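Subject: Structure handover

Hello,

Here is the structure I said I would pass on. My notes on its aromatic residues and its pockets follow below.

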Amino acid sequence: MSNVQVWSAGLVIPITAPSVMDGAVAVKDGRIEHVGARDWVLETLAERGLSYSERHFDGVLLPGLVNAHTHLQYTGMAEVGVKQYRGMPDWISGFNAVYDAGGLDWGKDASTGAHMLLEAGTTSAADVVTDPEAASALHNAGLHGVAYWEVMDWTNDDWKERGPATVEKALDAMPTPPAVGISPHAPYSLEADPLLDLPDLARRRGVRLHIHLGESHSEAEWAEGRTGELSDLWRTGDSSSFTAMRARGGGFSATQFVDQLGVLGPDCHVAHGVYMTADDRRRLRSRSTAVALCPRSNRVIGLDAPPVAAYLNEGNMIAVGTDSLSSSPSLDVMEDVAVLFDIARNQGYRASDLARRLLNAATLGGAWAMGLATGPDRVGQLQAGAVADLCVIDVPVSDITGSIEDVVRYGAGRQVETVIAGQVRFSRDGSLR
């Protein structure tokens, strides 16, 4: 029996190295041994005395996709996500109607969602978990990523009485692997004390943070309400919550508010980032905080498009997420990548590197967002020593530049094989040799 598995394809896109026509990836014991031109990879294996078997595809081979924001437990609420809404309050009403009706099986639905990720070429995900029944979805499916325990609807008084202990207990009960993190839901669903304490709680435990931010119109900056300095916020009576500040006419954005509380940082990534001023985007960059863009979810809810061109031009770290089926038509991150391409062009981004940068966002960008881009267990890239997470997309291969753009614009729904740690976890009909 061979002890090395080779995946070869018409085009290999390593993300962290130049793309290779007629390329190959050699995998041994769940990790990548070699990446490069197919002839060179096979010759190198022969020189090392390593036998191999080969799976060949005529399409494109790239790192496993990374879905940087989803809620797998809401997979059973697809009837909500296929409709169109007039904004966040309208969507919340539609969501609550289905949620409150009951009859949903969070564990089963989350498991179904995890298998949908595999079919979509996703090998790592940032899954926000609200109910403990859904906590094992990534674990049971063998997916990489981070399962984030969601914390929401805490007042300052209730939090001081029992909040930290409640969160600690929930985190202790979550299965590993993959990694576990904390998701303070949003500035408008938590008062200030939990938003102040949760980052410290996460950092003492060495786990990551993930927060919805800049998703709602209500989180945008109100320039006319910008009185005084942000640092003076704590010397006023307006700091009990973001909602209280808004009620008093305070104009600081939600991003400015949570930055003041210490939420942002290199161990945190945010979801959506739609209503972000230049100052908000600068804050994300200065804190090395990535943003997971979910444009289809924004469209369903009735929100504006995220400032994709600004994020790219200004150098923000971006990732891509689908959100859940309660606000998105599918869990295929390539659908969102295609939408982001069109948004960026419509917003004036004309550089020729757009497709490459969006593929980076859907792979390495998501890995960076979850702290999985470096170290021995790194993902989102095809390089020697990295975990062998792969995705094959069946698009015609012509030249490198044209094929990369074709993957970005037309790759959704054309994933034919998903590999996690060297094991085929999903395979459609591929051309095998």
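One aromatic cluster is formed by Tyr 74, Trp 91, Phe 95, Tyr 99 and Trp 106. Please keep in mind that this is a predicted model.

Aromatic pairs

The number of aromatic pairs in the model is 7. One of them joins Tyr 74 and Phe 95 in an edge-to-face arrangement, with 5.1 Å centre to centre and 85 degrees between the planes. Tyr 74 sits in the loop between strand S5 (65-70) and helix H2 (78-81), while Phe 95 belongs to helix H3 (residues 88-101), so this pair ties together parts that are 21 residues apart in sequence. Both Tyr 74 and Phe 95 are buried.

Tyr 74 also pairs with Trp 106, again edge-to-face, at 5.6 Å centre to centre and 80 degrees between the planes. This second pair links distant parts of the chain, since Tyr 74 is in the loop between S5 and H2 and Trp 106 is in helix H4 (residues 106-119), 32 residues apart.

Why do Tyr 74 and Trp 106 count as buried? The cut-off for buried is under 20% relative accessible area. Tyr 74 has 8% relative accessibility and therefore counts as buried. Trp 106 has 11% relative accessibility, so Trp 106 counts as buried too.

The largest pocket

Tyr 74 turns up here as well: among the residues that line the largest pocket, Tyr 74, Thr 130, Glu 150, Met 152 and His 185 lie nearest its centre. The lining of this pocket has 29 residues, and the space inside the largest pocket is about 640 Å³.

Which element gives the most to the lining of the largest pocket? That is H3, with 6 residues. H3, strand S7 (144-151) and helix H6 (156-173) each supply at least two residues of this lining. Sorted by class, the lining of the largest pocket consists of 14 nonpolar, 11 polar and 4 charged residues.

The second largest pocket

The second largest pocket has a volume of about 220 Å³. Its lining has 13 residues, and those nearest the centre are Leu 143, His 144, Gly 145, Pro 177 and Pro 178. Helix H5 (137-141) and S7 are the elements that give two or more residues to the lining of the second largest pocket. By class, this lining has 8 nonpolar, 4 polar and 1 charged residues.

Regards

Definitions and conventions. Residues numbered from 1 in each chain as written. Predicted model: local features only at pLDDT ≥ 70, side-chain atom pairs only at ≥ 80, totals over all residues. Heavy atoms only, no water. Phe/Tyr/Trp six-rings, centres within 6.5 Å; stacked < 30°, edge-to-face > 60°. Helix = DSSP H or I, 4+ residues; strand = E, 2+ residues; numbered from the N terminus. Buried < 20%, exposed > 50% of the residue type's maximum accessible area, 1.4 Å probe, protein only. 1 Å grid on protein atoms, 1.4 Å probe; cavity = no way out; pocket = protein on both sides within 12 Å on 5 of 7 lines; lining within 4 Å. Points joined across faces, edges and corners; volume = space filled by probe spheres on them. Nonpolar A, V, L, I, M, F, W, Y, C, P; charged D, E, K, R; others polar.
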